[in-house]
Amino acid sequence: MRKLDIRLLRMIKASKGQFISIAVVIILALTIYISFSMTFDNLNNTIDSYYDITNYGDVFVEVVRIPKAAIDQLYTIEGISMAQGRVMVDVPLKVENPNEKVRVRVVSIPKEEKPINKLFTIEGREVKKQIKATAMLRQFAEARGIGIGDKITPYIAGREYPLDVIGIVGSPEYIYLMENEQSILPAPEKFGVIYVGEDFAQSVFGYQGSYNQIMIKVDDESLYKIDTIIDEIEDQLDRYGVERIIKRDDQLSHKMMMEELDSLDKMSTAVPVLFLIVAGVIINIMLSRTVKNDRMAIGVMKALGYNNIQILQHYIKYSLSIGLIGSIFSIVFSIMLSRVFTNVYMQYMNIPIMRTEVYFIYIIYGVIFTSIFCILSGLMGARNVLRILPADSMRPEAPKIGKRVFLERIKPIWSKLTFSWKIVIRNIMRNKRRALFLIIGIALTYSITMVPIFMSYVFSDLFAIHYGEFQTMDFNIDFSKPMNNNGIKELSKVIDIEHIEPKLEFPFELNRGWRKKVVSVIGLNTNTEVYNFTSPQDESFTLSQEGIVLSEGLADSLKIKIGDEIILKNFLPNKEDTKIQVTGITQQYLGLNAYMNIEAMGKIIGEKGMITGALVNSSDDVTAKLNNVANINNIQSVEDMKNSFLEFMDMIIYSVGLLMLFGGILGFAIVYNVTIISISERLMEFSSLRVLGFDKNEIYKMITRENGLLTLLGIIIGIPVAYGMCYGIATAFDTDIFSIPVNITPISYIITAIATIIFVTVAQLATIRRIYKLNFIDALKSRIS
Amino acid sequence: MANNSLMKVENISKIYQMGEVEVTAAKNINLELYQGEFVVILGPSGSGKSTLLNIIGGMDLPTEGRVFLKEEEITKYNDKRLTNYRREKIGFVFQFYNLMANLTARENVELATEICKDALDIDEIMKAVGLEDRKDHFPAQMSGGEQQRVAIARAVAKNPLILLCDEPTGALDFETGIKILSLLKKINKELNKTVVIITHNMPIGDMADRVIKMRSGELVEIKENKNPIPPERIEW
């Protein structure tokens, strides 16, 4: 081995703490990059092949009723390769606990040879001609502990229909199981899907020879013009009462997964780049210090006849070996982790098949990119090698110019400082670049730590505001079919009610130019007591008699402001589209909705006095009392929402912890390295202080004060950076389901500051050994390089 | 000796710019070095002797004047050729040894030899400097004299044309210093290497074939020693 390489190895050994801490940052960066990218590809491939196997549809149309012949007519539309009908109805399920409300979606299995949305049988048999048999979606079966051979009993039109569970299945449209857009979180024990034979479904739901949903496959070559095809479908089916047309991109489960994948994709590059930059800056500072300390050794090398390139290589090999060693660990970790991550996602996403592969391309990209990065930062750090003249390097370096720092000119402050504080401040000011890096590093640590804390607070806020301030009803009751005001009266008879008001909820397509969005429009009394509308400027307002109020997220996505006119597109048969003015925009963090006066909305639908549900405040046992009441489709209680939220919180606590750990590692690496560098750069200075009679603790205290002061500055600068980062995250998370408000509570700032101080302190303690080991006599005497 | 000319220094001057002041470190120096001679350059500190040595060794360039190695003008060399010149032709010994702290004695020598073409056998050199038992020690485990012997071994093992020693005994006690001088003399005699020592220590001049005296950057006297005394008889 070349002697310079031996020197390199010993150099690494002597600075192993720094070497390891930088390597850990690189390992983190590269592991996140490789494993997230691989997970992303694995998931994408798994989903693709699952869709392929199960023949997942491209367009789904919900209609009032459509005969088979009309579905076959759809083949006349160019680009449609398959169209199949099915019956799909949500009904209550009989369960032991009368207070528990569980609903199942009964779906018929098409008879066609090659069904669209074919079920993937995980266990048991397929449902074919059997009448009293059903196949159950796995998530629901698992959540409720139902297995093959068990009996379940849905209520259909007031009657009990016991069914044998003969199969446990997966379905491409319920990879992510949610009842509808209004459910914020999956609750697989409260809502499930069961599949039955077509004849059975048609007979019990009264759809003989007809369906209420159409599944459509579009040719791959025609997918680009899917919107035109959808328009044609809508025209052709108009008389069958089209309620909704959902294309795959808008299908709930698919959309949720794509959003998940999208954020995975973003994370897989953003986090690594940030970490690599930090590693690069540490390498840069560290190597420039090493080169400075090695000045004489470099002079000797040059005197011996080593050229600049050879010497530069020697130092760059240091940073490159950090990169390469980091790469080796990262590759091992990523291959393991991408399996684990893919597995976790699979569990969460409920795909019964799995495609995991090792994508070497990401390893290659990652290693090449990291190596280039390390070489460049090494080059930047070691570039001073070129400036060292062999003859000069033999002479001791001229002392750094000592001059008065800015603060000294402010006499009233400066004169009050003690001697050691003066040294501290002079040191900081003299090494501005390093001080700046430390401040930026701490600011970064602060903001990275802030993100998870912000997230955990914001989610609890989100729910508290949505269910405590925006909506104040205890129960949200949906009827199974539209009724008139008598429904309210009857409800009042069954349960003790403090407050009740009607609601009318229908899906509409909101059009504004070429932008459109299908949302639930909710009709309310103008003087509603259970919805509190607040403008983005925090002023509360009420519904107007005419006109429509949009949630903020909806208004943003359609680019609408107050006073604009929009077109309400109706899915009911033979109803004209309506123009309506937007009279208000309200803050709403969960879901996208529009609100109208209930009478005005009834007019649009053409059914005066119609209601689809009720909003109730009551301390009565509403769920239990209404359980056996006919015509009630769904009761959503705020209590249930809270519970499912708690479960959701458990899940995010892990990711919060992980992010905190990342922030901690980054903070540690920065503070540890900068402190070590600052100690070794000033060995002579400390030694002189020791000779003057300072003890080790006093010297250590000086460094601690320096770091403490810079930490304080770092945290102050970190506050706006953290705000920006949270803002960015909130925007990235903004979806149809969440709109995240960026209000960081004061307590979050404090918790983050404490966490940051802990990270800094740990790093600081790790460097204490250096000071205690300092042999000041040697340091003063020897100039051995 | 005149026909044995190895190096020729013609009219060199060196002016340093130190902040706003100009410092003349060497002024119009003319000098010839011959193959196989032992030269001592004497002068107080600041007399320009290190500057002269650095220029001869290709570590520094003169502000004016020319330096020749045989027929070649090294002051015309670019950086690459200058590096090569240091690599193949010159051996340096420094006052503070300047060994690599994290390489052993032997590795320090190898560091120099692995980049030159006709390096000498390292084990023989280690033996010649009397360090065959200490070759796996690190500099910090060796005395100053031992470290300086490693430094000499490092310079000699390259098999250079000329050995340039900058105050080689400056950091050593008297007895160790004498041993180092004997070693240098031995290398001069047995390997027929030209050795140039700079020192402010007058008595060392007695062992040289020629003594060159410098003061304030100028060469003030060149004295030939008809009968140089062996280093063991030097006293200071």
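Helix α3 of chain B, residues 105–113, is largely enclosed by the rest of the structure, because eight of its nine residues are buried, where buried means under 20% relative accessible area, exposed means over 50% and partly exposed lies in between, with a 1.4 Å probe and protein chains only. The model is a predicted one, in which local features need pLDDT of at least 70 and side-chain atom pairs count only at pLDDT 80 or more, while totals for chains, interfaces and linings use all residues. Residues are numbered from 1 along each chain as its sequence is written, chains are lettered from A and ligands numbered from 1 in the order in which they are written, and side-chain values use heavy atoms, with hydrogens and water left out. Helices (H or I, at least four residues) and strands (E, at least two) are DSSP runs, numbered from the N terminus.

**Helix α3 of chain B and its surroundings**

- The buried residues of α3(B) are Ala105(B), Glu107(B), Asn108(B), Val109(B), Glu110(B), Leu111(B), Ala112(B) and Thr113(B).
- These buried residues pack against α1 and α8 of chain A, and also against α4 (122–128) and α5 (144–157) of chain B.
- Glu110(B), one of the buried residues of α3(B), has its side chain in a salt bridge with that of Lys3(A), at 3.5 Å from N to O; a salt bridge is a side-chain nitrogen of Lys or Arg within 4 Å of a carboxyl oxygen of Asp or Glu.

**The interface of chains A and B**

- In chain A, 27 residues are in contact with 28 residues of chain B, contact being defined as heavy atoms within 4.5 Å.
- The area buried between chain A and chain B is about 2500 Å², and carbon and sulfur atoms give 58% of that area; buried area is the accessible area (1.4 Å probe) that two parts lose on being put together, summed over both.
- On the side of chain A, the residues that lose the most area to chain B are Lys3(A), Arg10(A) and Leu304(A), which together account for 28% of what that side buries.
- The rule finds three salt bridges across the interface of chain A and chain B, and ten residue pairs, both at pLDDT 80 or more, are in polar contact between these chains. A polar contact is a pair of N or O atoms within 3.5 Å, for which, within protein, one atom must be able to donate a hydrogen and the other to accept it, and residues adjacent in sequence count only if both atoms are side-chain atoms.
- Four helices of chain A, namely α1 (3–14), α8 (295–304), α9 (308–349) and α11 (390–393), each supply at least two residues of the side that touches chain B, and the largest share, seven residues, comes from α8(A).
- By class, the side of chain A that touches chain B has 15 nonpolar, five polar and seven charged residues, where Ala, Val, Leu, Ile, Met, Phe, Trp, Tyr, Cys and Pro count as nonpolar, Asp, Glu, Lys and Arg as charged, and the others, Gly among them, as polar.

**Strand pairing in chain B**

- An open sheet of four strands has the order β2-β1-β4-β5 in chain B, with antiparallel pairing; two strands pair if DSSP finds at least two bridges between them.
- The edge strands are β2 (21–34) and β5 of chain B, each of which pairs on one side only.
- Ten bridges join β1(B) to β2(B) in the antiparallel sense, and Ile15(B) stands opposite Thr24(B) in β2(B).
- Strand β1 (residues 5–18) of chain B is also joined by five bridges to the antiparallel strand β4 (residues 64–69) of chain B, in which Val67(B) is the bridge partner of Val9(B).
- The hairpin of β4(B) and β5(B) has two residues between the strands, and Lys70(B) takes a positive phi near 50° there, while Leu69(B) stands opposite Glu72(B) in β5(B).
- Strand β9 (residues 210–215) of chain B runs parallel to strand β3 (residues 38–42) of chain B, the two being joined by four bridges, and β9(B) also pairs with strand β10 (residues 218–224) of chain B in the antiparallel sense over six bridges.
- Two residues lie between β9(B) and β10(B) in their hairpin, where Ser216(B) in the turn has a positive phi of about 50°.

**Chain A as a whole**

- Chain A has 24 helices and 24 strands, and buried residues make up 54% of its 785 residues.
- The C-alpha atoms of chain A fill a box of roughly 100 × 60 × 50 Å, taken along the principal axes.
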